[in-house]
Structures are given as structure tokens and as C-alpha cells.
Amino acid sequence: MAIGSPDLKAFLVSTPFFGGLADASLDLLVSMLVERRFDVGATVVSEGEPGRSMYIVHAGELAVSKLGNSGRVIRMAGLGPGDFFGEMTLIEMQNRSATVVAESPTLLYELTARNLYAYYKADIHAYVLVMLNINRELCRRLRRANDRIAELADASRE
């Protein structure tokens with residue numbers, strides 16, 4: 001599917017990342033995306049490696065994992081169409097916090113830090129909206145993590 005496709009654009013508008021963008025701002029951002037395909041078992045990003053891009057999941061299923069102190073791989077989350085990942089490295093300029101592996105044939109759209117900066121320069125208002133969208137999603141994830149920590153703490157006291 002071509003990046004300029006109306007179906008792709010409609011899909012992207014339905015994701016939390018692109019919500020609320022005006023049509024011209026959306027077109028500019030879509031033009032900056034790079035299509036990436038991964039086979040089953042392929043590692044998209046690895047925990048600890050430098051990262052300078054984020055990804056929007058168009059198709060496929062992915063597993064997010066971290067290496068525990070014991071050396072065991074711990075599954076943290078599953079991702080599917082409409083989800084995005086890698087945004088933390090664009091905000092805090094730190095290495096990747098987790099490993100993401102394709103669990104099925106996967107189609108992603110990559111947005112690099114360089115292109116995000118170009119978006120900032122071209123359309124500051126849309127850039128601010130995108131950053132708000134990213135931060136809203138990070139807040140949702142933090143709430144889920146807090147709920148899970150509370151559940152685990154309760155269970156360990158029983």
C-alpha cells in the first residue's frame with residue numbers, strides 16, 4: 001500500500017498518535033513516514049540500543065519484553081494495529097527501554113527524530129498536538145502500570 005493511500009490515511013487518523021490533526025498537517029506527517037516490514041521472529045528494536053525513531057503498527061502483532069535482573073526475558077505487553085512504540089527515545093533521548101519482536105508478519109510506519117524535527121519546523125501547532133497525543137498515551141500506559149503494580153503488591157501480601 002502506498003503511503004499516500006486514502007485507506008492508510010483513514011487508518012492513521014483512527015490511531016491515538018494522529019488524532020485531531022488537520023488534513024494538511026496529516027498529509028505532511030504521512031509524507032515523512034517510512035514503511036517497514038518484518039517477518040515472524042524479527043527484532044524491530046532491542047533494549048539498550050540507541051534509538052532515533054518511533055513506529056506505528058499498521059498490521060501484525062508484536063511482543064514487548066525487558067530483560068529482568070535474573071537474566072529472564074519478561075513479556076511486558078503486546079502490540080497490534082493502531083499502537084505505536086519507540087516514542088520514549090524521541091522524547092528523552094535515551095537508549096531503547098525494551099525489545100520489540102514481531103510475532104506475525106508485521107507492517108510498521110517509522111517516524112525518525114530528524115523527520116519529527118522537520119515537522120516541528122514546518123508546522124509547530126500540529127507538532128504540539130502530536131506531542132500531546134504521545135503524552136496522553138504515555139499517561140495511559142503509566143496508569144495501567146500503576147494498576148498492575150498495585151495488584152501485584154496486593155497479591156504478595158496475601
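Q: How many bridges join E4 to E7, and how do these strands run?
A: Strands are DSSP runs of E with at least two residues, numbered from the N terminus, and two strands pair if DSSP finds at least two bridges between them. Here E4 and E7 run antiparallel, joined by four bridges. Ser 65 stands opposite Thr 99 in E7. This is a predicted model, where local features need pLDDT of at least 70 and side-chain atom pairs count only at pLDDT 80 or more, while totals for chains, interfaces and linings use all residues. Residues are numbered from 1 along each chain as its sequence is written, and side-chain values use heavy atoms, leaving out hydrogens and water.

Q: Which strand do two bridges join to E7 (residues 99-102)?
A: That is strand E2 (residues 43-45), and the two run antiparallel. The bridge partner of Val 45 in E7 is Val 100.

Q: In what order do the strands of the open sheet lie?
A: In a regular strand the side chains alternate between the two faces of the sheet. The open sheet here has four strands in the order E1-E8-E3-E6, with antiparallel pairing. Its edge strands, E1 (34-38) and E6 (84-85), each pair on one side only. Five bridges join E1 to E8 (residues 106-112); Val 34 has Glu 110 in E8 as its bridge partner.

Q: At what angle do helices H4 and H5 pack?
A: Helices are DSSP runs of H or I with at least four residues. Axes are lines fitted to C-alpha atoms, for helices over the stretch in contact, and angles run from 0 to 180 degrees between N-to-C directions. H4 (residues 113-122) and H5 pack at about 130 degrees, with their axes 6 Å apart. Angles under 35 degrees count as roughly parallel, over 145 as roughly antiparallel, 65 to 115 as roughly perpendicular and the rest as oblique, so H4 and H5 are oblique to each other.

Q: Which residues of H4 meet H5?
A: Contact means heavy atoms within 4.5 Å. Leu 116, Tyr 119, Tyr 120 and Ala 122 in H4 meet residues of H5 including Tyr 127 and Met 131.
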